[in-house]
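Dear colleague,

Please find the structure below, together with its sequence.

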Amino acid sequence: MTETKTTCPYCGVGCGVLARVKDGIVSVQGDEQHPANFGRLCVKGASLAETTGLEGRLLHPQLDGERVSWPQALTAAGERLRAIIEQYGPQAVAFYASGQLLTEDYYAANKLMKGFIGAGNIDTNSRLCMSSAVTGYKRAFGADVVPCSYEDVEGSDLVILVGSNAAWAHPVLYQRLVQAKQNRPEMKVVVIDPRRTATCDIADRHLAIAPGTDGGLFVGLLHALAEHGIVDERYADTPAALAAAEGWTVEKVADFCGLPQNDVQAFYQEFIAAPRAITLYTMGINQSSSGSDKCNAIINVHLASGKFAREGCGPFSLTGQPNAMGGREVGGLATMLAAHMNFEPADLARVARFWGSERLAQTPGLMAVDLFSAIGRGEVKAVWIMGTNRQCRCRIAMR
Ligand code: SF4
């Protein structure tokens with residue numbers, strides 16, 4: 001029997017999996033040593049072995065529909081990419097990666113495109129779910145960093161879920177929260193969602209806001225913190241957000257969000273009173289025309305209240321895919337250079353020196369939707385699609 005430690009490829013919880021092969025039969029089990037799941041798997045992860053058949057998979061490289069060897073395929077791909085770059089320049093090619101890639105693969109693809117092809121044109125399907133969270137963190141902290149861990153969820157006094165049906169979308173993390181609440185019944189859970197989802201099963205309070213009004217609820221919370229005079233002095237040094245929140249009274253918020261005033265007031269009091277509070281948010285926040293601003297409205301109340309950068313506290317963006325964060329760490333987005341560095345002169349010089357590159361891209365590349373448009377206009381002639389639309393693990397499309 002062989003046993004491989006691996007990771008569930010589905011949601012962003014990142015559960016550790018032990019995959020075993022015995023007599024040609026694959027079985028999986030949650031990895032009890034893994035810090036994300038400690039042996040737990042949800043039904044999707046537990047069914048992984050049933051998806052490992054070879055049927056319908058691309059088992060060999062193909063060129064123009066014909067089976068070829070790996071050297072033939074790689075040579076043809078390289079020659080065609082080089083021909084396009086020579087004729088049209090590096091901006092005529094692009095990579096479209098995904099949150100299903102390993103961090104090391106992301107790093108190599110980013111290095112190839114930005115460091116040696118010389119264009120910034122590598123973006124990822126993570127762009128379509130996480131770019132609001134990235135922007136929110138960068139605006140607040142200057143870097144795309146998530147200042148929380150799963151232990152903070154379990155160790156908090158007030159867990160707020162907004163735009164998140166974690167019971168379905170992040171099941172094992174939700175199970176950890178359920179267990180933590182059973183262990184400490186005094187822990188409060190607030191769910192902010194227009195719908196009554198399965199996540200509400202453990203909620204002490206469900207705020208069924210009008211769709212799209214969650215930003216106003218958090219701006220009003222910032223105003224309430226200021227009214228109570230409990231704004232952290234380091235945050236008070238940057239008064240623009242406090243000024244913007246001026247006038248967002250409980251009455252105004254209740255009217256805006258379609259909630260009873262008592263519920264808004266009670267939620268604000270719970271947040272203020274809780275020694276530790278954490279806010280979990282995901283696609284219901286991110287996938288909005290003002291998603292970045294909503295992320296910052298959430299981050300602001302944690303900064304302002306001092307419920308930040310300590311155990312059980314913080315603004316916690318739950319990522320959608322298993323390794324969206326890994327890509328963000330190593331620069332797998334068109335708008336960043338590498339390893340949290342931007343297209344600034346000092347960063348460009350440092351990365352060019354480290355990679356030994358004389359062709360380093362000097363400007364950001366095409367973001368996902370802009371990339372699709374450029375392909376449609378015929379400006380991008382070739383795109384290498386990596387690990388998204390899982391029917392094709394790796395495919396190069398050429399115009
Ligand atoms: S919670 Fe997510 S990562 Fe964990 S087993 Fe389920 S689908 Fe996989």
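What is the order of the strands in the open sheet of 5 strands? The order is E10-E9-E8-E11-E12, and the pairing is parallel. Helices (H or I, at least four residues) and strands (E, at least two) are DSSP runs, numbered from the N terminus, and two strands count as paired if DSSP finds at least two bridges between them.

This is a predicted model, in which local features need pLDDT of at least 70 and side-chain atom pairs count only at pLDDT 80 or more, while totals for chains, interfaces and linings use all residues. Residues are numbered from 1 along each chain as its sequence is written, and side-chain values use heavy atoms, with hydrogens and water left out.

E11 and E12 run parallel and are joined by 4 bridges, with Leu-280 opposite Phe-316 in E12. Helix H4 packs on the sheet and touches E11 and E12, contact meaning heavy atoms within 4.5 Å. The direction of H4 makes about 150° with that of E12.

Elsewhere, strands E2 (residues 16–22) and E3 (residues 25–30) run antiparallel and are joined by 6 bridges. They form a hairpin with 2 residues between them, and Asp-23 in the turn has a positive phi of about 55°. Lys-22 has Ile-25 in E3 as its bridge partner.

Salt bridges

The structure holds 18 salt bridges, each defined as a side-chain nitrogen of Lys or Arg within 4 Å of a carboxyl oxygen of Asp or Glu. One of them joins Arg-328 and Asp-144 at 2.7 Å, N to O. Arg-328 lies in helix H15 (residues 324–330) and Asp-144 in the loop between H4 (127–141) and H5 (150–154), so the pair ties together parts that are 184 residues apart in sequence. Both Arg-328 and Asp-144 are buried (under 20% relative accessible area; exposed is over 50%, partly exposed in between; 1.4 Å probe, protein chains only).

Another salt bridge links Asp-157 to Arg-276, with the closest N and O atoms 2.9 Å apart. Asp-157 is buried at 17% relative accessibility, whereas Arg-276 is partly exposed at 22%.

Notes: Axes fitted to C-alpha atoms, helices over the stretch in contact; angles between N-to-C directions.
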